[in-house]
Amino acid sequence: MNSVFVICEIDEGKIADVSLELLTKGRTLSNTLGCKLEAVVLGHKLNGVEEELFPYGADVVHIGDDKRLDPYTTLPHTSVITGLFENEKPQIGLLGATPLGRDLGPRVSSALKSGLTADCTALEIGDHEDKKEKKSYKNLLYQIRPAFGGNIVATIINPDCRPQMATVREGVMKKEIYSPTHKGEVKTIDVNKFIKPEDTVVKVIERHMEKGRVNIKNSSVIVSGGYGMGSKENFEALYELADVLGAEVGASRAAVDAGFAPHDRQVGQTGVTVRPKLYIACGISGQIQHTAGMEESAMVIAINNDSAAPINKVADYVITGDVMDIIPKMIKSYKKNSK
Amino acid sequence: MGLKIIVLAKQVPDTRNVGKDAMKADGTVNRAALEAIFNPEDMNALEQALRLKEKYKGSKVTLLTMGPGRAADIIREGLFRGADDGVLLTDRAFAGSDTLATSYAISCAINKIKEVDIIVAGRQAIDGDTAQVGPQVADKMNLPQVTYAEEIYSAEKGKIVVKRRLDRGVEKVEAPLPCVVTVNGSAPACRPRAAKLLMKYKHAKTISERQNESEDYLNLVNDRPYLNINEWTVNDVETDDNMLGLSGSPTKVKKIENVVFQAKETKVLSDNEGDIDELIKELIDNHTLG
Ligand SMILES: Cc1cc2nc3c(=O)[nH]c(=O)nc-3n(C[C@H](O)[C@H](O)[C@H](O)COP(=O)(O)OP(=O)(O)OC[C@H]3O[C@@H](n4cnc5c(N)ncnc54)[C@H](O)[C@@H]3O)c2cc1C
Ligand SMILES: Nc1ncnc2c1ncn2[C@@H]1O[C@H](COP(=O)(O)O)[C@@H](O)[C@H]1O
């Protein structure tokens with residue numbers, strides 16, 4: 001039975017969270033299908049990287065270690081993955097919907113003529129009956145994603161071409177250790193077989209990356225602000241509340257677009273998906289693209305001066321009033337009661 | 001030496017205003033039910049192309065769009081802002097295309113245009129949010145790609161230098177020409193329509209749009225060939241029919257559902273200190289906080 005493959009990404013010298021999330025999901029899929037889960041890592045100086053992957057259930061780790069694979073550029077990575085997939089014939093190939101995954105995925109799927117579904121929020125195994133062609137398919141990958149600005153959810157399938165490829169955003173799937181003692185096999189990719197001289201024509205001349213990205217996804221309490229916060233200065237009140245509560249600050253897209261908060265704090269369909277214990281939405285109207293990224297929070301408090309704001313529908317507690325008036329009261333109350 | 005630049009632009013339904021009848025029973029989009037707009041990031045792409053045209057004298061910007069007849073609006077919009085001409089690729093054979101079949105059809109049209117230096121696309125279209133067509137066109141044409149471009153610094157001596165915007169930083173890359181560049185929404189906004197160009201191209205039409213026009217209009221187009229918007233069907237480009245439309249699309253839509261919210265039991269509080277204090281105490285007591 002052909003395997004499920006996860007193309008892993010390296011972030012600051014470690015396997016990126018989104019790749020571990022995909023391995024966790026991939027493990028479930030391969031258990032359902034009764035096949036192996038295989039991981040691919042490309043880069044340079046990858047010694048020991050397999051140890052990070054085995055606990056998440058990888059049965060095989062393919063490693064391509066070469067100077068030409070770091071920093072990432074499209075063509076050498078495409079050639080290696082395409083070549084590997086042509087040999088290994090995975091039934092499923094998954095990538096993170098990161099800048100890298102969304103650069104590499106389409107290129108590989110085009111080369112393999114395999115089709116690719118972007119930004120899936122759920123992956124399931126199921127059957128399909130094609131009534132017109134009178135064909136039935138068993139155990140296809142249901143690639144489930146929001147479409148049309150999040151107003152509908154579509155299930156996409158890929159009946160005839162392999163691999164069935166999909167990208168998934170960071171934070172959408174849960175990351176879970178499969179077994180701390182799980183071990184698999186390491187296979188070294190002979191990259192010279194795949195990388196062509198003309199693959200290295202694109203050169204990275206300069207690169208400035210910020211270190212230590214904010215990671216709102218792993219925070220158990222999130223204080224999130226929207227356009228209703230009014231200004232970047234007012235957003236400071238949220239940082240203060242977050243600081244007191246031991247929380248992280250999130251934001252809506254309108255707040256990010258207005259420059260109140262940086263993009264890596266954006267929650268929602270085109271930001272990160274979060275499911276904290278508590279989500280406090282301050283001055284956020286609650287459009288579907290925002291709620292798509294936070295509705296699984298265990299508890300939601302909505303603070304809005306409009307008592308009919310849509311966010312109230314997904315909230316456990318609604319406080320109607322001015323955020324700038326309410327936040328200081330919360331800070332004061334928490335300081336008093338937490339002692 | 002001037003550059004030959006192609007801008008890929010898509011007419012998209014304005015997904016910010018979607019009603020119930022947005023999808024047809026076969027799972028494809030019911031475009032008729034929605035307002036059609038110029039895909040926002042394709043506007044950023046157009047601006048980059050126009051800047052190159054200003055910088056390198058003798059350059060030519062051609063807008064290429066694949067879509068139904070009314071997508072000619074996109075080309076006119078581009079002409080009003082400074083593009084030199086446009087191609088509408090339209091045929092029933094392209095209907096139902098996924099990104100792979102779309103990229104294939106677009107790459108066939110570009111092959112017909114020939115000797116292209118740069119293909120600029122938007123990063124992604126707001127109807128599907130896939131960001132696949134740019135890279136897949138590059139693959140079909142066997143060209144390098146530079147995605148998430150924020151600024152094209154230069155395109156000379158067979159090389160393009162581009163600033164890319166990534167999640168957490170920026171990168172400056174150099175690629176050989178010809179190549180495909182996809183432009184990010186964080187790139188400069190497109191210039192507005194120019195009044196002079198609006199006057200000039202107001203009556204630009206495709207051959208289908210000209211069908212019901214008066215004799216006078218047709219004479220006008222004869223005198224002013226720039227009023228012709230090229231319209232190509234599947235017969236005008238060299239294609240392998242198996243790679244087009246639904247049959248050339250490996251991905252199929254199995255099911256479409258409207259998003260429904262699970263109703264929650266909501267407690268409404270006032271903004272007075274007492275109410276807020278009660279809530280915070282409760283959250284501390286049940287260990288949600290602290
Ligand atoms: C394809 C697509 C993808 C998108 N992806 C995302 C995404 O990932 N994340 C996201 O968030 N959005 C996304 N959006 C945008 C989304 O549709 C909304 O536009 C956005 O979420 C609105 O942000 P907001 O609620 O902060 O602003 P607004 O809708 O302007 O709401 C502001 C709210 O603040 C309240 N308010 C104003 N003043 C005060 C005050 N003093 N005190 C209390 N309340 C006040 C108002 O009553 C209002 O409810 C996307 C849109 C599209 C089309
Ligand atoms: N039908 C089309 N006609 C012209 N350009 C397109 C078309 N579809 C996609 N594109 C280009 O490809 C980019 C990415 O589209 P998408 O992969 O659909 O998100 C868009 O921003 C356009 O520049």
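Analyst: Let's go through the interface, the ligands, a few backbone details and the salt bridges.

Analyst: Some ground rules come before that. This is a predicted model, where local features need pLDDT of at least 70 and side-chain atom pairs count only at pLDDT 80 or more, while totals for chains, interfaces and linings use all residues. Residues are numbered from 1 along each chain as its sequence is written, chains are lettered from A and ligands numbered from 1 in the order in which they are written, and side-chain values use heavy atoms, with hydrogens and water left out.

User: How many residues of chain B are in contact with chain A?

Analyst: Contact means heavy atoms within 4.5 Å. Here 76 residues of chain B touch 84 residues of chain A. Another way to read an interface is buried area, the accessible area (1.4 Å probe) that two parts lose on being put together, summed over both. Chain B and chain A bury about 6800 Å² between them, with 56% of it on carbon and sulfur atoms.

User: And how many salt bridges are there between chain B and chain A?

Analyst: The general idea goes like this: side chains of opposite charge can pair when their charged atoms come close. The rule for a salt bridge asks for a side-chain nitrogen of Lys or Arg within 4 Å of a carboxyl oxygen of Asp or Glu. Between chain B and chain A the count is six. A:K332 forms a salt bridge with B:E273, and their closest N and O atoms are 2.9 Å apart.

User: Which element gives the largest share of the side of chain B that touches chain A?

Analyst: Elements here are DSSP runs, numbered from the N terminus: helices (H or I) have at least four residues and strands (E) at least two. The largest share, nine residues, comes from α8(B). By class, that side of chain B has 34 nonpolar, 19 polar and 23 charged residues. For those classes, Ala, Val, Leu, Ile, Met, Phe, Trp, Tyr, Cys and Pro count as nonpolar, Asp, Glu, Lys and Arg as charged, and the others, Gly among them, as polar.

User: Which strand of chain A is joined to β13(B)?

Analyst: Two strands pair if DSSP finds at least two bridges between them. Strand β18 (residues 317-320) of chain A is joined to β13(B) by three bridges, and the two run parallel. Within this pairing, A:V318 stands opposite B:V268.

User: Now the ligands. Why is the site of ligand 1 shared between chains?

Analyst: A residue is near a molecule if one of its heavy atoms lies within 4 Å of it. Residues from chains A and B surround ligand 1, so the site is shared between chains. There are 27 residues around ligand 1, and those coming nearest are A:Y227, A:S252, A:T270, A:S285 and A:Q289. Polar contacts are pairs of N or O atoms within 3.5 Å; within protein, one must be able to donate a hydrogen and the other to accept it, and residues adjacent in sequence count only if both atoms are side-chain atoms. A polar side-chain atom of A:N304 is 2.8 Å from an oxygen atom of ligand 1, and a polar backbone atom of A:G283 is 3.1 Å from an oxygen atom of ligand 1.

User: How many residues surround ligand 2?

Analyst: Ligand 2 has 19 residues around it, the closest being B:L8, B:D42, B:A125, B:T130 and B:Q132. The side chain of B:T130 has an N or O atom 2.7 Å from an oxygen atom of ligand 2. A polar backbone atom of B:M66 lies 2.9 Å from a nitrogen atom of ligand 2.

User: Where is the cis peptide bond of chain A, the one with omega near 0°?

Analyst: Look from A:D70 to A:P71. A:P71 sits in the loop between β5 (60-65) and α3 (74-88) of chain A. In chain B, the bond from B:L177 to B:P178 is cis too, with omega near -5°.
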